[in-house]
Amino acid sequence: MSVDDVPDWLPGWCADQLGSEPVGVLFERRSISAVFGLRLASGHDVVVKAREDDGRAESCVAAQARLAERGFPCARPITPPVAVGALAVHAEEEFALGKERLRRAVRTHGQEPRTNWLDLLVLH
């Protein structure tokens with residue numbers, strides 16, 4: 001897939017929300033969400049996710065951000081969900097950063113047999 005093949009709204013959304021338009025498509029996957037791995041003109045790689053806005057996106061992205069902040073091995077959201085027509089769209093850090101967080105978590109928690117990742121969501 002090339003940048004010419006991405007949805008019409010995506011380059012403008014990236015410019016508005018991330019300050020840079022996509023110059024390359026690293027990957028694209030579609031299931032419940034449409035997921036685009038993009039290289040921006042700024043040189044950064046990001047993942048943009050778009051799904052039907054069923055009202056859950058804000059709480060899901062907030063939970064993901066909290067988990068990432070507390071060391072859970074997931075990509076860190078870099079924008080809140082933004083409405084684009086009937087879609088809720090947000091961006092996350094590139095996948096490689098999430099993989100590195102996973103390696104750190106396994107080194108840190110991998111020997112603990114009962115690590116409860118849900119504990120990371122609880123306010124202290």
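By class, seven nonpolar, three polar and six charged residues make up the lining of the largest pocket in this predicted model. The lining comprises 16 residues in total, and those nearest the centre of the pocket are Arg 51, Ala 57, Cys 60, Val 61 and His 90. The space inside the largest pocket comes to about 260 Å³. Three elements, namely β3 (45-52), α2 (57-69) and β5 (87-93), each contribute at least two residues to this lining.

Beyond its neighbours within four places in sequence, Gln 64 is in contact with Cys 74, Ala 75, Pro 77, His 90 and Glu 92. One of these partners, His 90, is also among the residues nearest the centre of the largest pocket.

Stepping back to the whole chain, the protein has three helices and five strands. Read from the N terminus, these elements follow the order α-β-β-β-α-β-β-α. Of the 124 residues in the protein, 35% are buried. Contacts between residues at least 6 apart in sequence were also examined, and 47% of them join residues at least 24 apart.

Key:
Residues are numbered from 1 along each chain as its sequence is written. This is a predicted model: local features need pLDDT of at least 70, side-chain atom pairs count only at pLDDT 80 or more; totals for chains, interfaces and linings use all residues. Side-chain values use heavy atoms; hydrogens and water are left out. On a 1 Å grid over the protein atoms alone, a cavity is a set of points where a 1.4 Å probe fits but cannot get out, and a pocket is an open set with protein on both sides within 12 Å along at least five of seven lines; lining residues have an atom within 4 Å of a point. Grid points are joined across faces, edges and corners, and a volume is the space filled by probe spheres set on the points. Helices (H or I, at least four residues) and strands (E, at least two) are DSSP runs, numbered from the N terminus. Ala, Val, Leu, Ile, Met, Phe, Trp, Tyr, Cys and Pro count as nonpolar, Asp, Glu, Lys and Arg as charged, and the others, Gly among them, as polar. Buried means under 20% relative accessible area, exposed over 50%, partly exposed in between (1.4 Å probe, protein chains only). Contact means heavy atoms within 4.5 Å.
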